[in-house]
Amino acid sequence: MHDDLVDHLTRSTPLQRGEALRVIQDVLAYFDETTEEFVRRRHRELQGQGLLNAAIFQQISADLEYRAVAPPELTLRQLRRIVYG
């Protein structure tokens with residue numbers, strides 16, 4: 001799986017083949033999260049840091065722009081509906 005990427009990482013970093021494969025699998029699993037799962041997870045994380053919803057939803061909106069495959073832009077209301085239904 002992803003042999004060309006594993007080869008690239010072993011050539012360009014000090015990672016061994018098994019380590020490179022684990023890194024790739026971790027990154028793919030991270031980006032395998034749906035938009036809804038990401039929004040809910042980030043909401044919990046930011047809430048745990050003591051942020052209020054106004055700041056949380058602004059941060060989540062900004063975070064979504066940097067996902068590997070950026071979802072369509074969501075309004076603050078849409079973000080709230082993902083979290084609260």
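Let me start with helix H4, residues 53–64, and helix H5, residues 76–84, which pack at an angle of about 105 degrees with their axes 10 Å apart; axes here are lines fitted to C-alpha atoms, for helices over the stretch in contact, and angles run from 0 to 180 degrees between N-to-C directions. Helices are DSSP runs of H or I with at least four residues, numbered from the N terminus. That angle makes H4 roughly perpendicular to H5, a label that covers 65 to 115 degrees. On the H4 side the contact is made by Asn53, Phe57, Gln58, Ile60, Ser61 and Leu64, and on the H5 side by Leu76, Leu79, Arg80, Val83 and Tyr84, where contact means heavy atoms within 4.5 Å.

Before going on, please keep in mind that this is a predicted model, in which local features need pLDDT of at least 70 and side-chain atom pairs count only at pLDDT 80 or more, while totals for chains, interfaces and linings use all residues. Residues are numbered from 1 along each chain as its sequence is written, and side-chain values use heavy atoms, with hydrogens and water left out.

Which helix also meets H5? Helix H3, residues 35–48, has an axis that comes within 9 Å of that of H5 and crosses it at roughly 85 degrees, which makes H3 roughly perpendicular to H5. Here Glu36, Val39, Arg40, His43 and Gln47 in H3 meet Leu79, Ile82, Val83 and Tyr84 in H5.

Now to the domains, whose bounds come from an automatic or database domain assignment: domain 1 is 1–32 and domain 2 is 33–84. Their centres, taken over C-alpha atoms, are separated by 28 Å, and 4 residues of domain 1 are in contact with 7 residues of domain 2. Between them the two domains bury about 380 Å², with 45% of it on carbon and sulfur atoms; buried area is the accessible area, with a 1.4 Å probe, that two parts lose on being put together, summed over both. Of the area that domain 1 buries against domain 2, Tyr30, Phe31 and Asp32 supply 99%, more than any other three residues.

Finally, how many salt bridges does a search of the whole structure find? The search finds 7, a salt bridge being a side-chain nitrogen of Lys or Arg within 4 Å of a carboxyl oxygen of Asp or Glu, whereas across the interface of domain 1 and domain 2 the rule finds 0.

Terms used:
Helices (H or I, at least four residues) and strands (E, at least two) are DSSP runs, numbered from the N terminus. Angles under 35 degrees count as roughly parallel, over 145 as roughly antiparallel, 65 to 115 as roughly perpendicular and the rest as oblique.
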